[in-house]
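Please walk me through this protein, starting with its overall arrangement and then moving to its helices and its core.

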Amino acid sequence: MVVPDRSVTLHSSWKGLILSAAGAVALVAFGVGVTVASGGAGIPVVILVLGVIFLATVLFDYPVSSRFTPDFVERRAMLRHQRIGWERVDQLTRARPAVAGLRSLTPGGLSAKVGRRRYLLVDQCEAISEFYTLSEVLADRFVELGVDEMVLPRSETDPTWTYRRRRWQPEP
């Protein structure tokens, strides 16, 4: 007997991934350039070290996607996978909203609050259909995680799997 997969995968935006990686690489390149040109002076070395830290953060911690199951959430970064059990998560919250226009704010992506730390799960808001699927997956923990108090996605929000490979699209 095959058990149906009760999970939903949400993806971060290409814009967030590309701009984060490009900014970190640019800072490392600038740091290398000024360090070489200055012969290893203090400030350029600090810039280089900060660039390396930002690049490591993008590679090991910035989520490409997150898979939500009834038992855990799995964050997938470029070079690391991290599994966080729901028993450790105090609350599921929205990240800071993105400015869509001069007057309106769109809801942000999702973050998991674990103790005093927040883990970014996705950097963009999911579509309303994905939110309802997530609600079904988290049915047992819906209220406990605070999902019932979240701002709902707008109806015109595109699914997070848009512009991804065909395998990420849900079955009809």
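The paragraphs below go from the whole chain to one helix and then to the nonpolar core.

The model is a predicted one, and its secondary structure comes to 3 helices and 9 strands, which follow one another from the N terminus in the order β-α-α-β-β-β-β-β-β-β-β-α. Of the 172 residues, 36% count as buried, while the protein exposes about 10,600 Å², of which carbon and sulfur atoms supply 60%.

Helix α2 takes up residues 42-61, and its 20 residues reach 28 Å from the first C-alpha to the last, close to the 28 Å expected at 1.5 Å a residue. Its buried residues are Pro 44, Gly 51 and Val 58; seen down the axis of α2, these fall within an arc of 45 degrees, so they line one face of the helix. The element against which the buried residues of α2 pack is α1, residues 14-38.

The largest nonpolar core holds 21 residues, and those touching the most other members are Phe 68, Trp 86, Leu 92, Leu 110 and Leu 138. At least two residues of this core come from each of β1 (8-11), β8 (110-114), β9 (117-122) and α3 (128-137).

Methods: Residues are numbered from 1 along each chain as its sequence is written. This is a predicted model: local features need pLDDT of at least 70, side-chain atom pairs count only at pLDDT 80 or more; totals for chains, interfaces and linings use all residues. Side-chain values use heavy atoms; hydrogens and water are left out. A nonpolar core is a set of buried Ala, Val, Leu, Ile, Met, Phe, Trp, Tyr and Cys residues joined through side-chain atoms within 4.5 Å. Buried means under 20% relative accessible area, exposed over 50%, partly exposed in between (1.4 Å probe, protein chains only). Helices (H or I, at least four residues) and strands (E, at least two) are DSSP runs, numbered from the N terminus. The expected span of a helix is 1.5 Å times one less than its number of residues. The arc is that of the directions from the helix axis to the C-beta atoms. Contact means heavy atoms within 4.5 Å. Accessible areas come from the Shrake-Rupley method with a 1.4 Å probe; for residues, only the protein chains shown count as cover.
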